[in-house]
Amino acid sequence: MERKLVRIDSLILRTAVRLILPLTVLLAVYAALKGHNAPGGGFIAGLIIAVGLCTYRMAFGQQSFYRLVPFHPRLFVITGLAVAVVVAIVPLLFGKPLLRSTSTTLHLGQAELHLVSATLFDLGVLLVVVGVALGMITRLGEELG
């Protein structure tokens, strides 16, 4: 039995996605940065980016998706795991428990910037979630195409 691929060809969808994708990335950055003090963080930010990329793939097709994200999904997963593992293990080098978060404040003239190591761990989680989602999107696109 032969499958026929139905492509969504909508000017309205393509126009909307051009606006929605940057907004989803902005919302993901907000969720990731808010996550160390409140609900949110790397996992939910990764899911938000994945939804934005899925809509982009639906609107513009597989080839445009590959141009938007030219890296193999494994690169995101490996990089994310490496970042998370390093952030988790570094406290052990200083005699602290595994996954111990530390913070510091940078004084930038009149402003202060509060930095927390948990944010880097969330970045690793975000990269893993985005990598897995990209892998699924890519694989499903190959199966349908």
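How many nonpolar, polar and charged residues does the lining of the second largest pocket have? In this predicted model, that lining has nine nonpolar residues, two polar residues and one charged residue. The residues concerned are V25, A28, V29, A32, L33, G42, I49, T119, L120, D122, L123 and L126, and the elements that contribute two or more of them are the helices α1 (11–34), α2 (42–60) and α5. The space within the second largest pocket comes to about 180 Å³.

In α4, the buried positions are P73, F76, G80, A84, V87, A88 and P91. An α-helix has 3.6 residues a turn, so residues three or four places apart point the same way.

Helix α4 is followed by G95, a residue whose phi is positive, near 75°.

As regards the confidence of the prediction, the chain has an average pLDDT of 87, and 90% of its residues score at least 70. Among the elements of the chain, the highest mean pLDDT, 94, belongs to α4, whereas strand β2 (residues 111–116) has the lowest, 80.

Technical notes. Residues are numbered from 1 along each chain as its sequence is written. This is a predicted model: local features need pLDDT of at least 70, side-chain atom pairs count only at pLDDT 80 or more; totals for chains, interfaces and linings use all residues. Side-chain values use heavy atoms; hydrogens and water are left out. Buried means under 20% relative accessible area, exposed over 50%, partly exposed in between (1.4 Å probe, protein chains only). Helices (H or I, at least four residues) and strands (E, at least two) are DSSP runs, numbered from the N terminus. On a 1 Å grid over the protein atoms alone, a cavity is a set of points where a 1.4 Å probe fits but cannot get out, and a pocket is an open set with protein on both sides within 12 Å along at least five of seven lines; lining residues have an atom within 4 Å of a point. Grid points are joined across faces, edges and corners, and a volume is the space filled by probe spheres set on the points. Ala, Val, Leu, Ile, Met, Phe, Trp, Tyr, Cys and Pro count as nonpolar, Asp, Glu, Lys and Arg as charged, and the others, Gly among them, as polar. pLDDT is the predictor's confidence in each residue, from 0 to 100.
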